[in-house]
Amino acid sequence: MADSMDEDMEDTQPLQQDLTCPVCQGIFQDPVLLPCSHSFCRECQHRSLQYNKKCPVCREVFEEGQAISNRALSSACETFLKQTNWRSSHKRPSEDTCNLHLKPLELYCEKDEEPVCVECVTLHSTHRLLPLKDGAPKCKKELSFKVRIFEKKVETYKNMTHKLGNTVDYIKNQAGQAETLIKAEFQRLHEVLVTEEALRLKALATEEEEKLAAIQELITNTNMDIVALKELIDTLKKEMGNDDLPLLKNFQNLKRQAQWTHDDPCLPNDSLLDMSKHVGALSFKIWENMQAHVKYYPVVLNPNTATPWLSLSPDLTSVKESPELLTTPENPERFDPCIFVLGAEGYTSGKHRWDVIVGDSPKWIVGVCKESVARKKKFTVSTNRGVWSIGLSKGVYTVLTQERSELQVQQRPERIRIKLNMDKGEVSFWDGGTAKHLITLKHEFNERIFPIFGPGLHSTPMILAQGKMAVHTS
């Protein structure tokens with residue numbers, strides 16, 4: 001009986017292999033036929049389609065929707081399953097055998113980077129095939145290279161984590177400095193407002209006192225007039241009670257006495273408080289008077305762009321050499337190693353002007369630059385590098401164009417005025433002390449433009465001049 005079963009199994013093995021899906025190694029389930037004549041389970045074909053549109057056996061390209069149901073093969077599979085009582089839980093080929101040919105994996109395809117069997121050689125005829133013992137070292141070598149790259153990347157990431165931690169401390173320090181400055185400035189302005197309030201209240205109290213004193217004096221004089229009038233009335237009434245002859249004899253005298261030359265009491269002009277003076281447009285008047293206590297700067301510096309060799313004033317209006325290298329984050333905006341710092345605001349349109357006090361500094365550069373100017377490498381300052389500027393070095397004033405031309409000045413300018421006209425594409429430089437024009441550079445600006453300052457490594461500070469303020473009403 002056992003022999004009979006073994007013979008039946010041997011008889012069905014060739015048929016079973018014909019009815020086996022080359023992908024899942026199971027009996028076909030709902031098989032489909034590709035244009036290349038190879039068949040697969042519909043689900044296997046669908047999964048294969050997610051990776052590439054090639055036949056898993058012959059690798060011929062096919063398009064989605066070209067697979068058709070193989071009904072004859074499907075019927076044959078159903079008949080085989082009924083006759084042999086074949087179960088879907090049949091033994092799968094081991095991981096060491098080819099899923100397609102059920103042969104041992106003995107070769108390695110260098111192009112497809114996968115192990116293959118000897119029967120797969122025809123499918124890889126143009127590829128280089130190696131023994132497994134030669135293929136494994138090549139893969140290990142490549143993976144070792146990857147490991148070294150990742151190990152270096154781990155060290156880089158660790159260093160970055162340390163830098164990010166320092167950046168956290170730097171941001172907290174920035175916030176602390178800003179908080180101190182904000183509180184100090186508000187305290188200063190608050191004291192100005194308190195002083196202004198006291199002055200206005202004092203002026204109000206003074207006018208109130210003066211107006212009340214005037215009214216009180218009028219009341220006193222009026223009361224005195226009332227007493228005098230009553231005395232006169234009493235005198236006249238008494239004389240009117242005399243006999244006719246004495247009354248008539250004294251009439252002229254009484255008539256002269258019955259004269260009243262005082263003005264009638266009334267409220268004089270401006271007797272009330274000048275309310276418009278004290279409370280009219282009060283907030284505007286306070287704001288207008290605050291101008292004397294407020295400084296305006298057309299440009300302030302951006303400390304996040306300053307090279308670590310520069311030290312900025314707390315109000316960001318002056319810059320000079322730092323006595324030691326500052327510890328600053330390596331943020332993308334910061335210049336390093338070039339000795340520059342940018343203005344805080346960039347421009348894309350309009351007219352702008354600002355003055356820079358260079359004093360007697362022996363070396364400096366001032367002008368404008370495009371936002372994309374190089375930050376992390378040394379470069380020659382010129383217009384073709386995106387910087388439009390003039391400078392002083394070794395006693396020579398220079399227009400920093402690509403050709404470099406000397407700038408003739410009659411006297412040493414201590415104040416440089418920069419005028420930027422974005423709409424006309426012009427940046428001009430002037431002697432701020434004499435208002436003498438020095439040079440105008442032209443360019444069609446196509447990105448945001450920032451003021452740029454290069455104070456050099458000197459103790460003499462480069463100072464941004466205070467701008468003028470004016471109140472316009474309509």
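# A chat about strands, rings and salt bridges

Colleague: Where is S393 placed?
Modeller: S393 has its place in strand β12, which covers residues 387–393, and please keep in mind that this is a predicted model.

Colleague: Is S393 buried or exposed, or something in between?
Modeller: With a relative accessibility of 30%, S393 counts as partly exposed, because buried would require under 20% and exposed over 50%.

Colleague: And how far is S393 from L129?
Modeller: The two residues, S393 and L129, are 264 residues apart in sequence, and their C-alpha atoms are 68 Å apart in space.

Colleague: Let's move to β18. How many of its residues are buried?
Modeller: Strand β18, residues 449–454, is mostly covered, with 6 of its 6 residues buried. On one side these are I449, P451 and F453, and on the other F450, I452 and G454, so both faces are covered.

Colleague: Which strands pair with it?
Modeller: Strand β9, residues 341–342, runs antiparallel to β18 and is joined to it by 2 bridges, while β11, residues 364–370, pairs with β18 over 6 bridges, also in the antiparallel sense. I452 of β18 has L342 as a bridge partner, and G367 stands opposite I452 as well.

Colleague: What is the strand order in the open sheet of 3 strands?
Modeller: The order is β2-β1-β3, with antiparallel pairing, and the edge strands are β2 (39–41) and β3 (68–69), each of which pairs on one side only. Between β1, residues 31–33, and β3 there are 2 bridges, and V32 stands opposite S69 of β3.

Colleague: Switching to rings, how many aromatic pairs are there?
Modeller: There are 6 aromatic pairs in the structure. One of them is F284 with W287, a tilted pair with 5.8 Å from centre to centre and 45 degrees between the planes.

Colleague: Why are F284 and W287 about one helical turn apart?
Modeller: Both residues belong to helix α8, residues 282–290, and because they are 3 residues apart there, about one helical turn separates them. F284 is partly exposed at 30% relative accessible area, and W287 also counts as partly exposed, at 49%.

Colleague: What about other rings?
Modeller: F335, F340 and F379 are linked into a cluster by ring pairs, and K419 lies over the face of W430, at 4.3 Å from the ring centre.

Colleague: Now salt bridges, how many does the structure hold?
Modeller: The structure holds 16 salt bridges, including K103 with E119, where the closest N and O atoms are 3.4 Å apart. That pair links distant parts of the chain, with K103 in the loop between α3 (71–84) and β4 (107–109) and E119 in the loop between β5 (114–116) and β6 (129–131).

Colleague: What does the salt bridge between E110 and K138 tie together?
Modeller: E110 lies in the loop between β4 and β5 and K138 in helix α4, residues 132–240, so the pair ties together parts that are 28 residues apart in sequence. The closest N and O atoms of E110 and K138 are 3.1 Å apart.

Colleague: Which residues are linked in a network of salt bridges?
Modeller: R59, D112 and E114 are linked in such a network. By contrast, E179 and K183 both lie in helix α4, 4 residues apart or about one turn of the helix, and they form a salt bridge with the closest N and O atoms 3.0 Å apart.

Terms used: Residues are numbered from 1 along each chain as its sequence is written. This is a predicted model: local features need pLDDT of at least 70, side-chain atom pairs count only at pLDDT 80 or more; totals for chains, interfaces and linings use all residues. Side-chain values use heavy atoms; hydrogens and water are left out. Buried means under 20% relative accessible area, exposed over 50%, partly exposed in between (1.4 Å probe, protein chains only). Two strands pair if DSSP finds at least two bridges between them. Rings of Phe, Tyr and Trp (its six-membered ring) pair if their centres lie within 6.5 Å; planes under 30 degrees apart count as stacked, over 60 as edge-to-face and the rest as tilted. A charge sits over a ring if NZ of Lys or CZ of Arg is within 6 Å of the ring centre and within 35 degrees of the ring normal. A salt bridge is a side-chain nitrogen of Lys or Arg within 4 Å of a carboxyl oxygen of Asp or Glu.
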